[in-house]
Amino acid sequence: MELLVSEGKSVSGSRWLLLHAAVVFAFLYLPIAVLIIYSFNGDGVGGFPPHHLTFDWYRILFADGPIWDSVLNSLQVALAAMVISLAFGVPAALALERAQFPGKALFRRLVLLPLILPGIITGLSLLMLFNVAGTKLSLLTIILGHGTALISVATTEVFAGLQKVDRAQEEASLDLGANYWQTFWRITVPNLKLPIIGAALLIFTLSMDEIAVSFFLIGRDNTLPLEIWGRLRRGITPEINAVSTIIFVFSLVAILLWYRLRVRGEGGSEIGLEIAEVADPV
Amino acid sequence: MPASGVRNIGMMTTSEIAMASVSSSVVRGPLLRIQNVAKSFGKNIVLRNISLDVAEGEFLTILGESGSGKTTLLRIIAGFETASGGEVWMGEERLDQQPPYRRRVNTVFQSYALFPHLTVEQNVAYGLRVAKRPEVEIASRVKEALDKVKMSAYAKSKPSKISGGQQQRVALARALVNRPRLLLLDEPLSALDANLRRQMQVELKSLQREVGISFIFVTHDQEEAMVMSDRIALLRSGELEQVATPREIYGRPATAYVAQFIGHTNLLKGQVQAGKVRSGPFTWSAALPDGPALFSLRPESLHLASQENAASGSVRISGKVRHQAFHGATELIRVECADGLILVVRIPGSAGALDNVELEFFPGDAVVVRESAERI
Amino acid sequence: MFSRAYKAAVTLPPLVWITVFLLAPYLLLFCYSFWSVSSEQTIVHSWNLANYNELVRVDVYWKTLLRSMWIAARVTMFSLLLGYPLAYFLSFYAGKKKNLFYQFVIIPLWVSYLVRAYAWKTILGSDGVLNTLLQYAHLTKHPLEFLLYSPFAVVLTLTHIYTPFAFLPIYAALEHIPRNLVEASHDLGATRGQTFWKVILPLSIPGVVAGATFAFVLSLGDFLAPLLLGGPSGIMISNIVVSLFGAAYNWPLGAAVSLCMLLLVVSLLFFSERLEKKWSFS
């Protein structure tokens, strides 16, 4: 709603708010601007102002085998983690909303804990588990780690979505002769389409950028963030800026596509609101 | 669903089949039999000891205030709630142990519950599709059902694009296309405007006559119940207060609650002694046993009387009009009589402003009703 | 309406998965914290409180924990100071541009955490953007050394990272305030400022609590920003855990430190949940 009005005092109030917003946005975007600009800087990452604009770093990047291997690894991990988190997170949300069982409160807290718990604790606890079980660390252990930690995202998202679904929809389906299995696929899932897609995208993004859990569960193959981390420690080249710029552009495109999808589906709700919903404790 | 019916017959013994055929051809037992059904949510008792039969082809209305348990009763019949006690039978089949999708009962939901992601046509086809009927049959039955509710023009629309009244028709078609033996309707008209509502009452009633399926209709609106039903079951705080035809329930209410809930009434507390009733300023004769009694006197049973032509045998009283409400064809007036007794009287409209009036009624119109038990 | 079989089908798979991959590892963490390491670097499964004794005795542990909490507290404060007015501006003053602005708050989350942290290094370094600009403007003669490798750099970077996380729940809470309450307040004669203090702020407290919890807990457990930008004086508790699990190879002691963090986080969550309940009126 529009609250911009002509009272002298409040206009000056809203001007201060506008100024504040500009400062916050500058603060949020300054590093991103720097990162993009320096990806074209011939002199490397030091020095200001940047000189010698060049595409060299992008050329080097495209010839860099290990980086692309790690990108492929990260994509694999993110996709597999997405499947695991949804496969267990969606039923968990249904269970939390519709079933009563002993230990439900503990179950709820356990599922949601990785959302807020520092990633290193989840990571090293799983490391101990795999150590005790004698599992060799590999991409698989990272997948299990991400999949488990991100169940929380799927569950919160779908739980929030479930509360907006009219229960009578499912009753109507049962009433019309569909059994529970048919009702789940024909009515429950389509009704939860947006939360599920939203959760999937969010899980994918979070997994692509995850470091703390991966840090402990890494085997021979690096994920992209760990590859970058390794290089940052060895000494940095703007190649990292170049790869980040590319990922940033891809993300923007993905966001825009998702936004259009949602606008068409829902008449204009916002992307990223899923993060707010995740932040809203169940 | 038909498959389970066949299987049940297959499991019957010959004597059972004989009995079933006897009961259907000769006695024609009720379609649905509700026996001693009770329901509580934790400590909260919602229904107690409900027994009710629904006949083949009957239009039965469950009437009650919100919180009376009427929707819960409907949901037990549909299978969305499990009764805490009692049984529900459909013919020879125990219904209350079947999941909702095995019952030959369909529901029209209060909010219609049309599937938003499916078109009108797909909504109506839903039940046939999950029953894996051949597509040809589905197409023809869906078309027939949509024709019946005059919604064929909107077959390809999504539910969000059609009006409330149209959604209502689609919900009806979606339920009826499955040829249920019993249709449950949970306040289906409550979301509609008054005019559309009256129109749908008539349409719904004639549709029911046409398809010949038993309807159980839940509403809190007593006028709607009166207009549409073959019988009304009045539910109050989880117990049946009276089950009777609209005429009977209006003319011969069993309890004070029924008398007050259905239409307006004046309740008169009286004392019977040797064939004489004393109630406040009134006295009349009645063949009743001695003791206290409660009478319901409908506002239209009271008339304005003139001094000259007093009807013989009528009971008379004079009073002062305190309030007068114009209703078009009639007016409702509140008259204060002796001893502070207030009577509500329905008189023909356009009587003009009234002050002091003389009222009369015939003793036969004062119906004895039971005191309603206190229940919360 | 849901049968027992349905409830079991949605409850059991996530319950089993969570038990194996979350509950068991956390229990293992608990066990490890009471074990010890032998001189041959093997885990000795004898139960004792030696690790906890050491945590109390050696002051680097609790001093680092306190410093981490102090850093996290500052990050939380700055995130709220940046996030709240921004959320208020978006929700009540941004009119039709609300959604656009909202997207702009979310987009930085799609840029790798690591890369953004690294970009701050580019900005704060002695030949970085900020120092060069300051010298260019003759505000300083020599580069300011305290900008990088200091708690200041850590607080700045973590504030940058977690401001959107503080913003999101606050924005969600503000958006949930029925607008007719604001109109009613104006109608009853309250000015814009009075309405903010008496109606809007109290109703947004649950969002503030959720946002603050996010910012505090996530920054408390961070270990990358301190490694990249913190220098020796910016080391945080997670860095100690990482080194105990890595080079120092003392898993039991690391487990004890982690368990303390875990308890701290869980009790914080407990209090924030109570606080949110107290301030939610619907």
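These are my notebook entries on a few things I looked up in this structure, which is a predicted model.

**Entry 1: chain B as a whole**

I started with chain B and its inventory. I found 10 helices and 20 strands in chain B. Its C-alpha atoms fill a box of roughly 80 × 50 × 45 Å, taken along the principal axes. Then I checked burial: of the 376 residues in chain B, 36% are buried. I also looked at contacts in chain B with a separation of 6 or more, and residues 24 or more positions apart account for 63% of them.

**Entry 2: strand 7 of chain B**

Next I picked one strand and asked how many residues of strand 7 of chain B are buried. The count came out as 5 of the 5, so strand 7 is largely enclosed by the rest of the structure. I wanted to see this face by face. In a regular strand the side chains alternate between the two faces of the sheet. For strand 7 of chain B, one side has B:L182, B:L184 and B:D186, and the other has B:L183 and B:L185. These residues are all buried, which leaves both faces covered.

Then I looked up the partners. Strand 6 (residues 105-108) of chain B pairs with strand 7 of chain B in the parallel sense, over 4 bridges. In that pairing I noted B:V105, whose bridge partner in strand 7 is B:L182. Strand 7 of chain B also pairs with strand 8 (residues 214-219) of chain B, again in the parallel sense, over 5 bridges. There I found B:L184 standing opposite B:I216 of strand 8.

**Entry 3: an open sheet in chain B**

I moved on to another sheet in chain B. In what order do the strands of this open sheet run? I read the order as 13-12-11-14-20, which makes 5 strands with antiparallel pairing. Strand 13 (282-285) and strand 20 (367-369) of chain B stand at the edges with a single partner strand each, so one side of each has no neighbour in the sheet. From one strand to the next, the twist averages 40 degrees.

Strand 12 (residues 276-279) of chain B pairs with strand 13 of chain B in the antiparallel sense over 4 bridges.

**Entry 4: positive phi away from glycine**

- B:R179 has a phi near 50 degrees, and B:R179 is not a glycine. I placed B:R179 in the loop between helix 6 (164-176) and strand 7 (182-186) of chain B.
- B:S237 has a positive phi of about 45 degrees, and B:S237 isn't a glycine either. B:S237 sits in the loop between strand 9 (231-236) and strand 10 (239-244) of chain B.

Is B:S237 buried or exposed? I found 20 other C-beta atoms within 10 Å of B:S237, so B:S237 is buried. B:R179 has 16 C-beta neighbours inside 10 Å, so B:R179 counts as partly exposed. The cut-off for buried is 20 or more.

**Entry 5: two helices in chain C**

In chain C I looked at how helix 5 (residues 113-124) packs on helix 7 (residues 151-175). The angle is about 135 degrees, and the axes are 10 Å apart. That makes helix 5 of chain C oblique to helix 7 of chain C. Their crossing is right-handed. Helix 5 brings C:Y113, C:R116, C:A117, C:W120 and C:L124 to the contact, while helix 7 brings C:A153, C:L156, C:T157, C:H160 and C:I161. Sorted by class, this contact has 7 nonpolar, 2 polar and 1 charged residues.

**Entry 6: where chain A touches chain C**

Last, I checked the contact between two chains. I found 76 residues of chain A in contact with 82 residues of chain C. Several helices of chain A give two or more residues to this side, including helix 3 (65-98), helix 13 (238-266) and helix 1 (8-38). Which element of chain A gives the largest share? I found that helix 1 of chain A does, with 18 residues. By class, the side of chain A that touches chain C has 58 nonpolar, 12 polar and 6 charged residues.

Terms used: Residues numbered from 1 in each chain as written. Chains lettered and ligands numbered in written order. Predicted model: local features only at pLDDT ≥ 70, side-chain atom pairs only at ≥ 80, totals over all residues. Pairing = 2+ DSSP bridges. Axes fitted to C-alpha atoms, helices over the stretch in contact; angles between N-to-C directions. Contact = placed C-beta atoms within 7 Å. Nonpolar A, V, L, I, M, F, W, Y, C, P; charged D, E, K, R; others polar. Buried ≥ 20, exposed ≤ 12 C-beta atoms within 10 Å, placed from the backbone. Parallel < 35°, antiparallel > 145°, perpendicular 65-115°, else oblique. Left-handed = near helix turned anticlockwise from the far one by under 90°.
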